[in-house]
There are 2 protein chains.
Amino acid sequence: MSLIVTGSIGIDCVETPTGQVDNVLGGAGSYFAAAARFFGPVRLVAAVGEDFPDELDGQLKSLGVDLEGLEKRVGSKTFRWSGKYHENMNRRDTTAVELNVLIEALPPVPESYRDSEFIFLAVTSPQNQLELLETFPKRKLVMADTIELYLQTERDAFMEVVQRVDGLVINDDEAMMFTGETDAVKAAEAMLAMGLKFVVVKKGEHGVLLRHQDGWAALPAFPQAKLVDPTGAGDTFAGGMMAHLAATGDMSLNTLKQALAYGTVVASYTIEAFSLDRLTSITRDDIDGRYRQYREMLAIE
Amino acid sequence: MSLIVTGSIGIDCVETPTGQVDNVLGGAGSYFAAAARFFGPVRLVAAVGEDFPDELDGQLKSLGVDLEGLEKRVGSKTFRWSGKYHENMNRRDTTAVELNVLIEALPPVPESYRDSEFIFLAVTSPQNQLELLETFPKRKLVMADTIELYLQTERDAFMEVVQRVDGLVINDDEAMMFTGETDAVKAAEAMLAMGLKFVVVKKGEHGVLLRHQDGWAALPAFPQAKLVDPTGAGDTFAGGMMAHLAATGDMSLNTLKQALAYGTVVASYTIEAFSLDRLTSITRDDIDGRYRQYREMLAIE
């Protein structure tokens, strides 16, 4: 079924203990779409500035996702992010950020996108998320992500997002901050009680925790991945997860578990190279192969 | 097959955000044995002082484990530990500790224990672990645990332990410190390369990671447990794990995975009350029921 992501496209500079890259394709929208496209069609709503390099534009086009909703805004500049990871790559510092087009008006949603049913609202302000949500009257499943900034500065608006979506995907630190709980399990429980159908708490190298209205799941990260750059792991996790839900058309506990596993597997490829490099060198067969391997690792005979 | 644990018996005072208890039964040997007894016979080698209270002695006896190797040493005092947990109970401070009998001579191993095949060397100095190891000429599978102190002060002796045992069970912080690696996956890989058959890295609320010579496994903590007091979680995890290995008599990757799951389930009960209170109120049926629930949670259809 029709899947859409609304999210950022960025120009990233990233330094990790294994190397460094400058001016590469980044942003939650790019990562999400690059992961989701393995599972079916993906529509992208996003804006870049007139400075967006032809090379990155070409990379985006080569993903094969629907870019009708990609606005190249004259007179604006593209979102830029620079970050440096610690020796343990679960931690990083943002060394520079220019929001640019991200804090201007939202990109327009094309008429042809209005029938989208599976909606992923990547990180932007809760007000923007609410406005975007309204542009999809045929929505069947909506998930949103957020960051600490908005939980601190726009808590009420985010609470309204929580009332209007089916599921959240959120980092453990943010989940605990938002709920005032001191561990991820209690935080997930508290968020479910706010009226969600399910909550996915991302724990980085420790995997993910799912609190679904019908039960729990907890999945570890895929241990064999070669960690080069964790940037985009969370967004590609969300992309794989959401795209599997869209492909199957339901949100039962068991489908969610499959979706979490696909998300985990796609994210395990993301981190094996900088930017989208690894995601653009694999095939669906690679994903399915590692998925089988991961399922087998989890199964206890 | 015959399972033995060599480890401490302690008198604990514990404070957590949910409550406080004073002078309760603790120590790695007690916790390990209380968990392992559900799976088959357990022998315990340990020493207490003449101050060991009758009430705790009665509790220990009521576990139904073989206490021929329990020495009540005249003129000595029992190991005591006091600790206070933080709001997030993954962290704690030791507020008082008296090693007492633990730093005296090792308790003698009874002649009737010398045919033990499955040996768990709970935390003591590596020199003690090596000496204990030698008293079991029929050993088939030996696992050891350790703490940061011995990795810092007796690294060479611990390296010798590593050469002589089949598997290690170790906390993530200690695994990283020991290997100089910055994440648990790399630390487990590095330890396996030291010649072990398998390494189990404990990550507290984030579950466990297994590096086995035939592959990997990663298991989350059981999310539904009601956390009251985490003391003994790691020791009862080890008890459930090792006792399942002893009951099945092998150490294949799949048996290890079952063993990790049993360990996780037993530990999930341990933390639901102070001291051994929960472990002495459940039955093997409870464990099997939660084990099925846990397996089902992990399985992806």
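How many salt bridges are there between chain A and chain B? The count between the two chains is zero, and I would like to set that beside the other values for the contact, keeping in mind throughout that this is a predicted model.

Let me begin with the interface. Chain A brings 29 residues to the contact and chain B brings 28 residues, and the area buried between chain A and chain B is about 2700 Å², with carbon and sulfur atoms giving 58% of it. Although no salt bridge is counted between chain A and chain B, 16 residue pairs are found in polar contact across their interface. On the side of chain A that touches chain B, at least two residues each come from α7 (184-192), β13 (215-219), α9 (253-270) and α10 (284-298) of chain A, and α10(A) gives the most, with five residues. Sorted by class, that side of chain A has 15 nonpolar, six polar and eight charged residues.

The same surface serves both copies, since 97% of the contact residues of chain A recur in chain B.

Asp115(A) counts as partly exposed because its relative accessibility is 37%, whereas Arg43(A), at 17%, counts as buried.

The next example is in chain B, where Glu189(B) forms a salt bridge with Arg211(B), the closest N and O atoms being 3.1 Å apart. This pair links distant parts of the chain, with Glu189(B) in helix α7 (residues 184-192) of chain B and Arg211(B) in strand β12 (residues 208-212) of chain B, 22 residues apart. Glu189(B) is partly exposed at 33% relative accessible area, and Arg211(B) is buried at 13%.

Finally, Glu71(A) and Arg73(A) form a salt bridge whose closest N and O atoms are 2.7 Å apart; Glu71(A) is partly exposed at 22% relative accessible area, and Arg73(A) is buried at 11%. Through shared partners, salt bridges join Glu71(A), Arg73(A) and Glu104(A) into one network.

Methods:
Residues are numbered from 1 along each chain as its sequence is written. Chains are lettered from A and ligands numbered from 1 in the order in which they are written. This is a predicted model: local features need pLDDT of at least 70, side-chain atom pairs count only at pLDDT 80 or more; totals for chains, interfaces and linings use all residues. Side-chain values use heavy atoms; hydrogens and water are left out. Contact means heavy atoms within 4.5 Å. Buried area is the accessible area (1.4 Å probe) that two parts lose on being put together, summed over both. A salt bridge is a side-chain nitrogen of Lys or Arg within 4 Å of a carboxyl oxygen of Asp or Glu. A polar contact is a pair of N or O atoms within 3.5 Å; within protein, one must be able to donate a hydrogen and the other to accept it, and residues adjacent in sequence count only if both atoms are side-chain atoms. Helices (H or I, at least four residues) and strands (E, at least two) are DSSP runs, numbered from the N terminus. Ala, Val, Leu, Ile, Met, Phe, Trp, Tyr, Cys and Pro count as nonpolar, Asp, Glu, Lys and Arg as charged, and the others, Gly among them, as polar. Buried means under 20% relative accessible area, exposed over 50%, partly exposed in between (1.4 Å probe, protein chains only).
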